[in-house]
Amino acid sequence: MTLAAPAHPAPLAPAVLPAVPDAIEAPVALLVDVGSGQVLHARHPDARFMPASVTKVMTLFLAFELIEQRRLDPAQIFEMSPQIAREWRRKGSTMFLTQGERVSVDDLLLGIANVSANDGAAVLAEGQAGSLAAWTAQMNATARSIGMTGSYFSSPNGWPDQGRTFTTANDLATLARALVMRHPDKFGYYIGRAGLDYKGIAQVNHDPMIGRVPGADGIKTGFTNEAGFSYLGTARRNGQRLVLVLAGVENGRLRAKLAKSYIEWGFSAFDRKTLFANGAVVGSARVQDGETRGVPLKAAGPVAINLPRASNSALTATIRYEGPLRAPIKAGQEVALLEITAEGAAPARIPLYAAQDVAVAGPVDRVINAVAAVFS
């Protein structure tokens, strides 16, 4: 197998006029800053639509989670069963797998991510879970666990199923954030390649941004006759990553144009104000029954908010948590949320993590803490 080189860094693309997609051109549109969770623009972000092949992003994310849990290994070999061959051999986008063919999980993931292989997704699902139904049950449980409340998946690849599979723009943005932030190494390796050469068959990645928009990784395109053209994509510049969702677009050429202009608008229409450097303590939270009465809090990276160009709005930062927190607390445990607001801008909500362990208090610590509480 020969891999096409990753499409990073992208060459300078022809000038694209930055713009928010028109409502007629893109009935559903969402642009989010991955680091802060700040919504830069939204149109019908909770409207349900059929994601088509964008469903495969959920299959990829589940696979990455299973690899982390050591329930799946990229070196594992799965075989295309007669049942999967009858249903999925050369059906739609394909890796050209044949009945009885043995293929590694690594190759399956590359095929799913970069040439949208329907057969690859089905082989992976049956190989790991025993059946497509068991795999989709894991997809739905994993989706719920990361907060995707408006989605349901009935296949590993998003083939049209009379609307049983559906999602929302907000849910896809949540999925993209989890994909990038929880699995940065796997995201960087498997997603965003220019194409795939498998078994001597060269195919290109039809993502509209990779290789065309500076800093773009793409993620996944989708199309059904009923729902039109959709897209989940991402790009990173100067330490900032944006994710975009488009749905209900009339054709692929328009989708490509809108994706490029939308992401350029996101990078050009705002001033990004950094409030805390990477690794800085941003505050503390009270702790109950701990060896200390508080725990310092840090974000996963720099803390920033996007403000409209030339905005002079005052900023307000609030740390929110259900407290006091109860010991024990592990360093790196997500325990709070930093909410940053400014007039004229959507709020940024950034997860905060404990900067150190806090063990359960011993008898002496309890007495000291009780006395300190009286005089505080």
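User: Why is Arg349 called partly exposed?
Analyst: Arg349 has a relative accessible area of 40%. Buried means under 20%, exposed means over 50%, and partly exposed is what lies in between (1.4 Å probe, protein chains only). The 40% of Arg349 falls between those limits, so the residue is partly exposed. This is a predicted model, in which local features need pLDDT of at least 70 and side-chain atom pairs count only at pLDDT 80 or more, while totals for chains, interfaces and linings use all residues. Residues are numbered from 1 along each chain as its sequence is written, and side-chain values use heavy atoms, with hydrogens and water left out.

User: What makes Glu339 and Arg349 a salt bridge?
Analyst: The N to O distance between their side chains is 2.9 Å. A salt bridge needs a side-chain nitrogen of Lys or Arg within 4 Å of a carboxyl oxygen of Asp or Glu, so the pair qualifies. Glu339 belongs to strand 17 (residues 334-342) and Arg349 to strand 18 (residues 345-354); the pair links distant parts of the chain, 10 residues apart. Arg320, Glu339 and Arg349 form one network, joined by salt bridges that share partners.

User: How do you know whether Glu339 is buried or exposed?
Analyst: Its relative accessible area is 15%, so Glu339 is under the limit and counts as buried.

User: How many salt bridges does the structure hold, and what does the one between Glu101 and Lys199 tie together?
Analyst: There are 11 salt bridges. One of them joins the side chains of Glu101 and Lys199, at 2.9 Å from N to O. Glu101 sits in the loop between helix 2 (82-88) and strand 5 (102-104), and Lys199 in the loop between strand 6 (195-198) and strand 7 (201-204), so the bridge ties together parts 98 residues apart in sequence. Glu101, with 14% relative accessible area, is buried, whereas Lys199, with 41%, is partly exposed.

User: What makes Asp217 and Arg241 a salt bridge?
Analyst: Their closest N and O atoms are 2.4 Å apart. Asp217 is in the loop between strand 7 and strand 8 (220-224) and Arg241 is in strand 10 (residues 240-249), so parts 24 residues apart in sequence are tied together. Asp217 and Arg241 are both buried.

User: Why are helix 4 and helix 5 called roughly perpendicular?
Analyst: The axes of helix 4 (residues 118-129) and helix 5 (residues 132-145) come within 8 Å and cross at roughly 90 degrees. Angles under 35 degrees count as roughly parallel, over 145 as roughly antiparallel, 65 to 115 as roughly perpendicular and the rest as oblique. The two helices are therefore roughly perpendicular. The axes are lines fitted to C-alpha atoms over the stretch in contact, with angles from 0 to 180 degrees between N-to-C directions.

User: Which residues meet where helix 4 and helix 5 are in contact?
Analyst: Ala122, Leu124, Ala125, Glu126, Gln128 and Ala129 of helix 4 meet Leu132, Ala134, Trp135 and Gln138 of helix 5. Contact means heavy atoms within 4.5 Å. These residues divide into 7 nonpolar, 2 polar and 1 charged. Ala, Val, Leu, Ile, Met, Phe, Trp, Tyr, Cys and Pro count as nonpolar, Asp, Glu, Lys and Arg as charged, and the others, Gly among them, as polar.

User: What counts as a helix or a strand, and how many of each does the chain have?
Analyst: Both are DSSP runs numbered from the N terminus: helices are H or I with at least four residues, strands E with at least two. The chain comes to 9 helices and 18 strands.

User: Why is Pro21 called buried?
Analyst: Pro21 has a relative accessible area of 2%, so it is buried. Pro21 lies in the loop between strand 1 (2-3) and strand 2 (28-33). Apart from its neighbours within four places in sequence, Pro21 is in contact with Ala26, Arg43, Leu246, Leu258 and Tyr262.

User: What is noted about phi of Ala52 and of Arg70, and which is buried?
Analyst: Ala52 is not a glycine but has a positive phi of about 50 degrees. Phi of Arg70, also a residue other than glycine, is positive and near 60 degrees. Ala52 is buried at 4% relative accessibility, whereas Arg70 is exposed at 80%.
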